[in-house]
Amino acid sequence: METTLDSALRSAGLKATAGRVAVLEALDSMAHSNAEQVLRAISRDLPTTSIQSVHNILADLTAAGLIRRIEPAGSAALYERRIDDNHHHVVCSRCGAVADVDCVVGHAPCLTPSTASGFAIQTAEVTFWGLCPDCQATAAE
């Protein structure tokens, strides 16, 4: 029986392999995860999967537009399933926690540059930095 994830993979021109489906399922419940976190999440069901396989799957899914890759400064690449809405991120400068921030103002690309240098702007990627609630609480102690 074909699942929604199988259909999404096939619609994107990819085979619906067990690894790809497992990675998508993991990212459904673990937004902003790196490759090692994804590997740990899928290793019980797919114990022979390697970190290189996970990196390859994440690259394929990103290229197909099924997941989004973000790269906060000082962090490994992080992946999420929330795509096509041009949302932004806030990152804790102490512990690295990441949360979504909806579009800053209006519709995508959300921000208008002072000059586009002839480019047709499609998206804006903004990363806000600060202290998450847990780090604020420990800093106040």
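**Entry 1: contacts along the chain**

Among contacts between residues at least 6 apart in sequence, 43% join residues at least 24 apart; contact here means heavy atoms within 4.5 Å. I note that this is a predicted model, in which local features need pLDDT of at least 70 and side-chain atom pairs count only at pLDDT 80 or more, while totals for chains, interfaces and linings use all residues. Residues are numbered from 1 along each chain as its sequence is written, and side-chain values use heavy atoms, with hydrogens and water left out.

**Entry 2: the chain as a whole**

I recorded five helices and five strands, where helices (H or I, at least four residues) and strands (E, at least two) are DSSP runs numbered from the N terminus. In sequence order the pattern reads α-α-α-α-β-β-β-β-β-α. The C-alpha trace spans about 50 × 45 × 25 Å along its principal axes.

The chain has 141 residues, of which 33% count as buried; buried means under 20% relative accessible area, exposed over 50%, and partly exposed in between (1.4 Å probe, protein chains only).

**Entry 3: helices H2 and H3**

I asked at what angle the axes of H2 and H3 cross. Helix H2 (residues 18-29) and helix H3 (residues 35-42) have axes that come within 9 Å and cross at roughly 105°. Axes are lines fitted to C-alpha atoms, for helices over the stretch in contact, and angles run from 0 to 180 degrees between N-to-C directions. H2 is therefore roughly perpendicular to H3, a term for angles of 65 to 115 degrees.

On the H2 side the contact is made by Ala22, Val23, Ala26 and Leu27, and on the H3 side by Val38, Ala41 and Ile42.

**Entry 4: Ser33**

I located Ser33 in the loop between H2 and H3. Ser33 counts as buried because its relative accessibility is 4%. Leaving aside residues up to four places away in sequence, Ser33 touches Leu27, Val38, Ala77, Leu78 and Tyr79.

**Entry 5: the open sheet**

I traced an open sheet of three strands in the order S4-S3-S5, with mixed pairing; two strands pair if DSSP finds at least two bridges between them. Strand S4 (98-101) and strand S5 (127-130) are the edge strands, each pairing on one side only. From one strand to the next the twist averages 25°. Strand S3 (residues 88-92) pairs with S5 in the parallel sense over four bridges. His89 stands opposite Thr127 in S5.

Most residues other than glycine have a negative phi. I therefore noted Asp84, whose phi is near 65°, and which is exposed with a relative accessible area of 78%. Asp84 is found in the loop between strand S2 (78-80) and S3.

Ser117 has a positive phi as well, near 50°. Ser117 lies in the loop between S4 and S5 and is exposed, with a relative accessible area of 60%.

How values were computed. Parallel < 35°, antiparallel > 145°, perpendicular 65-115°, else oblique.
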